[in-house]
Amino acid sequence: MLETQGLCHDFGGLQVLSHVHLQVKEGERHAIIGPNGAGKTTLFNIITGTYRPRKGKILFRGKDITGARPHALTRQGMGRSFQILSTLPRLTAFQNLRLAILSKRGVRFNLVRSVDRMKSIQEETEEVLRQIRLEEERDIPAAYLSHGKHRSLEVGLALATDPDLVMLDEPTSGMSRDETHHAVELIRSLTEGKTMVIIEHDMDVVFSLADRITVLHHGEVLACGTPQQIRDNPAVRDAYLGDLER
Amino acid sequence: MKRKLRYGALGGGLILALLLPQVIGIVYTNILVQFAIDAVYALSLNLLLGYGGLLSFGHAMFFGAGAYATALVLTHLPGFPLLAVVLVGACAAAFLALILSPLLVRVSGTAFAMLTLAFGQLFYVFSLKYREVTRGEDGIAGFPTPSLSLPGIGTIDLSVPAHFYYFALALLALCAWAMWFLTRTPFGSVIVGIRDNPQRIDYLGFKVAHSKALLLILSALFAGIAGSLFALFQNLVSVDGALHVFVSFKPIMMAYIGGIGSFFGPILGSGLFHLLEELTSRYVRHVDLIKGVVFILVVLFAPGGIVGVYRRAKARIGGWMATRSGEGKTP
């Protein structure tokens, strides 16, 4: 589904990624873990088109997408959520999601119809709102949502375009224990049958959700394997997990 | 009930607007025409500023393109029908926006403001120097104003002030409705999304640059209509009247004073602007000084403009009423 070949990137001489090979199979839930500054978000930014990599190639469904712009990737079936909330703050939860539905339906430059009167779009937006459990917050601007609800909206925006590959960057960051539990269940049910790549710090979330895990360390792939393999890997224990599980 | 009341108010307002020129005389009728022109102009700027979050310091180039196109067509092609002339003005401005859009949509914020300022000044100087066509500082004057011929109804002579007033008012209503509808369309919601967070809009699958370009062209189109009306009304199009940097600042001030957070704010802003001008010019010589002070006061103390003040007052009175009736219920 998704493959990166020898990705390298640096910011002003600081090497952030070096020769990252990543393989995500169709239908799997793939987690990327690693200490802060390991290059996880940069990897996401490069895959989803925020930056063009210095070196290397990205393949999506076998097609070279290196350097493609985000809107092009979204149209090819990629969806992304951000670690730092990136919703449309002055628009209501409903209006936020409606834009995703408009994009999914390919309604982009329509100038002759009132969007409030497009019945099927309204209905589908209500449906997505229900799925991510924001019905009660329907008319609240995103900026005024509670943190947990705002996170849900962020993930909802990534999923509402109905992508085949979902890239989630720390979807539970800043959530309480309870909220995290609900969010994980929500992500599990909404990504059923989709391919997912998730960056996550919470090891409980990672081990309960992921089919395979890649560990990044100093911009390099330290290990890749099933949760059990990762848990047993001595190098990973040394670099990252060790101090968490002790 | 509420609907009936609204239609009643609308009908009453319409009758009042139609009778007004008979009551207030030529001078005030002409002020109302200027109000209508500036209202269209300020609304077009607010499409960019209030909805797209793009502050243009060079909107006069689109206003001027509409005005000059109208003047040139009427000078060189006498007998051109009126509505076609307005359309030519609108298209000239939209075409200018189309040419500039590849450069302008790449930037936003301060860079957009500076780039539009630069292009605005470029067209000012260009029109000043290109005397053969624009007649420089003197401007183009004395072209005939065609009559409005409506098939099946007859022709309306626009040299009668009251008639021109009706024409300008009708165009204002039409343009305001078209722009308002634009903000309700799917494209309108994409534009508001770009104002809030262009990166997210990109990630949702919309082409941000293309959408901004279309917004710029549509905004220019309506500014061109305002410019065309201006040319028809003044019968004189000069660089200082149509392309000067003050012509760019005027709709910004009007939109701000009325309230950029609302659709109809700029119409109120235009109204207040002309009211202020009319009231003060009789007693003081420095009208612009007073306008400037009002502008500063609005920016400092009422950033939402007239509409913002109204909304706040409504919310406060609503809250006050609620607490009062709540107190009444408790024994």
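Predicted model: local features only at pLDDT ≥ 70, side-chain atom pairs only at ≥ 80, totals over all residues.
Local features need pLDDT of at least 70, side-chain atom pairs count only at pLDDT 80 or more, and totals for chains, interfaces and linings use all residues. Residues are numbered from 1 along each chain as its sequence is written, and chains are lettered from A in the order in which they are written.

**Exercise 1.** Describe how helix 11 and helix 12 of chain B pack.

Solution. 
- Locate the helices (DSSP runs of H or I, at least four residues, numbered from the N terminus): helix 11 of chain B spans residues 245-258 and helix 12 of chain B residues 265-281.
- Take the axes, lines fitted to C-alpha atoms over the stretch in contact, with angles from 0 to 180 degrees between N-to-C directions. They lie 7 Å apart at an angle of about 110°.
- Helix 11 of chain B is therefore roughly perpendicular to helix 12 of chain B, a class that covers 65 to 115 degrees.

**Exercise 2.** Which elements give two or more residues to the side of chain B that touches chain A?

Solution. 
- Count the residues in contact (C-beta atoms, placed from the backbone, within 7 Å): chain B supplies 20 and chain A 28.
- The elements are helix 6 (161-184), helix 7 (186-196) and helix 8 (198-203) of chain B.
- Helix 7 of chain B gives the most, with 7 residues.

**Exercise 3.** List the contacts of A93(B), leaving aside its neighbours within four places in sequence.

Solution.

Conventions. Parallel < 35°, antiparallel > 145°, perpendicular 65-115°, else oblique. Contact = placed C-beta atoms within 7 Å.
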